[in-house]
Amino acid sequence: MSKMQAARLHEVGPTFTIDQIDIPSCGANDVLVEVKACNVVPNLRNVIERYPTWFPYLPLPKLPAIYGLDAAGVVKAVGSHVHGVKPGDRVYVNPGRSCGSCHACLRGEHLNCTAFTFQGYFGFGPGSQRVFEDYPYGGFCEYMTAPVGGLVKLPESITFEQGCRFGYLGTAYSALKKANVGAGQTVLINGATGTLGLGAVMLALAMGATKVLGMARNKTLLERVRQIDPSRVYVLSIGDEPIEEWVQGHTGSLGADVFIDAVGPGAPHQISVSGIQALRRGGRMVDIGGMSEDLPLPMFKLMCFQISVIGSLWFSVAEGQDMAEMAAAGTLDLTIFDQEVFPLSQVNEALDALEDRKGGFTNVVVTPGR
Ligand SMILES: [Zn+2]
């Protein structure tokens, strides 16, 4: 067997074609993974249809391209220099690629590499095109290559469908870590019912936050978020009450320790500014949603109150392994997702299914290697 099925994008637009292509061989430091599940992430349609005009400075893989950001599967083969991973291991493939040799990489800051690139998605710098050439396989195919340093080992208790949710979960986890979230703290989350925001709720609870204050608009979904842990999660439907007063009421008039902004392009900036205003002295706001509007920031207050505003992208492989251990231990509950599973041949239908999802609770995946 030397051929595999791959869903490829041949032109800018929303439609993938199923092609027969060669199964790749892996380099000395790489592994070959049989993809069991790949997430059809909510932002994918934007990337393949709108990024060329929205963000022309973000490189995309040359067409025809195999997309698929978040893949989980089973190791089929390993390169000659790979010793800690073996065929049969269950893994999540962290798609974040870096050059390994620039100043940022040498400091261990792989996410700040000038060539930082999401395998099967998009890149951030002029070096990204070379990364796409080295690793041209996203998760929308039966077999993909990845460097051994990009793998998170998954315990048996994590299904492949759950494992391929790690991208958005990890983005939230890394943001909460940058904000030093822990016991005794109150975390305010904007967009708490969305794919990123729900992950922030789950991880804040898993990390021991004492109180999670979730904001969004959809009351039905907010109630479902509250039900995750009614003794620690409180929710506000935006517009029902002024945000600062609501936060003050839950924090003895002190304000929140941390504010995670998880709303994407198109969201209004006023709610984010209110979230920053609702922080206590020394509070930290972390942006993971990337809204497109500019924020008018109260710089004098930021200085006086020692408030930090931090941008955070993605997460490290080690942070991914943290989450796998948390899920194995039962402190991170991955069973709350509604899985919508499609064969690879129905990837276009899976993309359409994103339109009807129930906020972050719906997890749309394709299953190539089954
Ligand atoms: Zn680098």
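The model is predicted, and local features are given where pLDDT is at least 70, side-chain atom pairs count only at pLDDT 80 or more, and totals for chains, interfaces and linings use all residues. Residues are numbered from 1 along each chain as its sequence is written.

The protein chain holds 13 helices and 17 strands, where helices (H or I, at least four residues) and strands (E, at least two) are DSSP runs numbered from the N terminus. Along the principal axes, its C-alpha atoms fill a box of roughly 65 × 40 × 40 Å. Of the 370 residues, 48% are buried; a residue is buried if 20 or more other C-beta atoms, placed from the backbone, lie within 10 Å of its own, exposed if 12 or fewer, and partly exposed in between.

An automatic or database assignment sets the domain bounds, and the chain is divided into domain 1 (3–165 + 337–367) and domain 2 (171–311). The C-alpha centres of domain 1 and domain 2 lie 29 Å apart. Five residues from domain 1 and nine residues from domain 2 take part in the contact, which is counted when C-beta atoms, placed from the backbone, lie within 7 Å.

| Residue | Phi | Loop between |
|---|---|---|
| Ser253 | about 65° | helix 9 (243–250) and strand 13 (256–261) |
| Gln306 | about 50° | helix 11 (299–304) and strand 15 (308–311) |

Ser253 counts as exposed because it has 10 C-beta neighbours inside 10 Å, and Gln306 is exposed, with 12 other C-beta atoms within 10 Å.

How values were computed. Two residues are in contact if their C-beta atoms, placed from the backbone, lie within 7 Å.
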